[in-house]
Amino acid sequence: MNAHTSQLHLFEAAASARLTAVVNRFAPQWPLDRFVAVNPFLGISDIDFAEAADHLARTRGAALVPGGPAPEPVQTLSDFVGAIVARPLSELACNRISEWAAGYYDRGQALWTNPWRQLPAFEAWRAEAMIDRTPEISGLPGFRRFVKDLPDTPVAAAAQLLTGLDLSDRSEALYLERLLATVGGWAAYCRHLDWPTVGAAGSQHTRDLLVIRLAWDVFISRCLANDRDIDTWRGQLCERKVQATVDLSTLDAAEAHFQETIWTQLSRPAALAPVTRIQAIFCIDVRSEFMRAALEASDSRIETFGFAGFFGLPISIGQKDGVQFPSCPPLVRPTAWVCEGVAPKQGFVAELGRGIERIRKGGASAFGYVDSFGVASIWPLIQSLFPGRVISDRRAHSLELHVEAVETNAPGEAIRARAALAAGFLRGVGLTRDFADLIVLVGHTGQSENNPFAAGLHCGACGGRSGAVNARVAAELLNDAGIRRVLGLDHNIVIPEQTGFAAAAHNTTTDELTWAERPDESPHTAPFLSAFEQAARSAGERVRARRAPALGVPASLGLFRKRASDPSQVRPEWGLAGCAGFIAAPRRLTRGKDLGGRVFLHSYDWRTDVDFKILEQILTAPVVVASWINLQYFASSADPGTFGAGNKVLHNVVSGDIGVVEGNGGDLRLGLPMQSVSDGAVMRHDPVRLTVMIAAPVRAIEGVLARHDHIRALAENRWIRLMAMDDDGRMILLRTSNGWARATETTGGEFT
């Protein structure tokens, strides 16, 4: 290797590192069929909230603090040149990139697939761009020659393009981040493809997208601007300084008001301990709070627990044809898979269905399909005229659980692996003794029609799907005699023989509890099954009465069902709007307390957590996921134009549920639609940061923070408000960048 080649490699390596640093500033967004909440500020949580607000104003044009004036971001070259020639050149570049990306990343919707989709993204774009005459038709001559003259690899191309711009390191980073933000929706989708639990190691979709956008920007400047224009743009870019000048007083006051409301409730006298005969384990989702309280109020023998709705099972779910989808949080890579025992359609019927689908989607045959098959397609229309059907998650077939890492090992290893999953779940809940006669695992699901964002109403812990299957798997594991035997021998968890586990589903749109897996009745369990069913009906009535005013409908089950199955309904429910708090504590501290349906409730008793491993799991998983949800709602309501998905009525779904565009083109929209956070007149979500309240010794919490920098950064940089709580439910200390500060009067003693 000669000196020139070596120097070139070093230069390209430096350029690659700079591109990677910019790409890492952007958060992922999952496709619509797996839509789960993601912290849109994930890539900048290593800096203070106020500094991040100013940074986002410069690079995204975003107002992070609610009510702030719309900031002016730095200009890309296409922005600057477009202002000179009075043409929307940045919009042109973004539209062309979006159209290319929709074809390249198509997920099976297109009948004519992109011929270069097997190539890496930059190479595929370059191959197509070299024969694309659209820019020339749009008055930008020389595009194909420009693209042809670019180096073959994205890093080499970026290095060449950036060298010509001659920017300082700071200006270059600011410019590149702003540039990628102009296609921020596609950047988020590409980050999802690059996510460790999704993409192949070393995938670089987001980097390639940035280089493509850079190529368009430089081409536009060379085509329509002169050296003096570029010098002027460069000078303006260098003048943009990042200064943390954001006023957080209004936001702090809103959060203090919420915290005072919660403290007032927690300071009320504790409810009487139940004489427990039935235990129900719900997801920590804020929508479970009302249902848990109503269930306990309906029958004093019922005790409820809170745990992440995937019930600790890192599983994929699929049919025997091999198609699988994850049913666990995006942070978790599945290590086991579940087969629902449904054979795929085969033979003539399946082929006929595929043929009809090809005719229906074909550009030349679609109108003929309507003429020929229109009558056969009328059933969905008839259903829409008579809404009100009830969904059920119960399945007639059994589930088969396969633990991938041990299925081929020695006999007995599989059952031990399954028992380990069950033990981890029970310990996480804090249920290792004092088992009730009937234990119901309650997954949750939403219900809506004609809703691209339907997955966002399901269980985020289950990857944007119903939690009923996870509940069924967990119930089957815990009812298995062999697994119970191993739980006793290997994990010292002894489940009484008469204890039965059942699976249910909480429909959060209609607030109905239905069986997902009802156990066989025995003389012992029959009365408890009947009691739970009666309490569930009563609880549903209580919750619907509580939620009806916010939805603007009477508290009628029939009307709630009608709303859920109405294809014209843009607000089937409010989802997690209003989420503002997270409490990890024994149920006795929150039972009978009205927390407004705004708090994630996780069961936790530090006195049984000998090594604080459960505390570590809570802080590093459920708290992180809850903060993702809170910050997505925060962003979508604080600045809907930048971080929201726009108006549902104007949405068009892109290329097999990748995402939505608003209108007939443009970038993918980020975040939640306006109808998820606003009723059209007022905001239904108050953009406040998540207050995390942990009933545990400060030394234990601090130990976790010391081992996990990203959790400590969330607290110290004010993305969450982390508080320690004493055994009486009073907040005593707040974690700040300078350590722990007094929040209320401390109690001293063993707790601290």
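Figure 1. Asp217 is buried, as is Arg213 (buried: under 20% relative accessible area; exposed: over 50%; partly exposed: in between; 1.4 Å probe, protein chains only). The two residues form a salt bridge whose closest N and O atoms are 3.3 Å apart (salt bridge: a side-chain nitrogen of Lys or Arg within 4 Å of a carboxyl oxygen of Asp or Glu). Both belong to helix H11 (residues 205–224), where they are four residues apart, about one turn of the helix. Helices (H or I, at least four residues) and strands (E, at least two) are DSSP runs numbered from the N terminus. The model is predicted: local features need pLDDT of at least 70 and side-chain atom pairs count only at pLDDT 80 or more, while totals for chains, interfaces and linings use all residues. Residues are numbered from 1 along each chain as its sequence is written, and side-chain values use heavy atoms, with hydrogens and water left out.

**Figure 2. Salt bridge between Glu296 and Arg591.** The side chains of Glu296 and Arg591 meet at 3.2 Å, N to O. This pair links distant parts of the chain, 295 residues apart: Glu296 is in helix H14, and Arg591 is in the loop between strand E10 (581–585) and strand E11 (599–603). Glu296 counts as buried because its relative accessibility is 6%; Arg591 counts as buried at 9%.

**Figure 3. Ala294 in helix H14 (residues 287–298).** Ala294 counts as buried, with 6% relative accessibility. Its C-alpha atom is separated by 4.7 Å from that of Ala539, a residue 245 positions away along the chain. Not counting residues up to four places away in sequence, Ala294 touches Ala539, Arg542 and Val543 (contact: heavy atoms within 4.5 Å).

**Figure 4. Residues annotated as a binding site in UniProt.** The unreviewed UniProt entry places the feature "binding site" at Cys283, Asp285, His444 and Cys459. These residues are spread over 177 residues of sequence, yet they cluster in space, with a largest C-alpha distance of 8.9 Å. UniProt positions follow the numbering used here, feature names are shortened, and annotations may be inferred rather than shown by experiment. Cys283 lies in strand E1 (residues 278–283) and is buried, with a relative accessible area of 6%. Cys459, in the loop between strand E7 (438–445) and helix H19 (468–479), counts as buried at 0% relative accessibility. Leaving aside neighbours within four places in sequence, the contacts of Cys283 include Phe307, Val442, His444 and Cys459. With residues up to four places away again not counted, Cys459 touches Cys283, Gly309, His444, Gly464, Arg465 and Gly467.

**Figure 5. Salt bridge between Asp152 and Arg126.** The two side chains meet at 3.2 Å, N to O. Asp152 lies in the loop between helix H7 (143–148) and helix H8 (154–165) and Arg126 in helix H5 (residues 121–129), so the pair ties together parts 26 residues apart in sequence. Asp152 counts as exposed, at 51% relative accessibility, whereas Arg126 counts as buried, at 11%.

**Figure 6. Glu12 in helix H1 (residues 3–23).** Glu12 is buried yet has no salt bridge, and the nearest side chain of opposite charge, Arg207, is 9.6 Å away. For charge, Lys and Arg count as positive and Asp and Glu as negative; His and the chain ends are not counted. Residues up to four places away in sequence aside, Glu12 touches Val155, Ala156 and Ala159.
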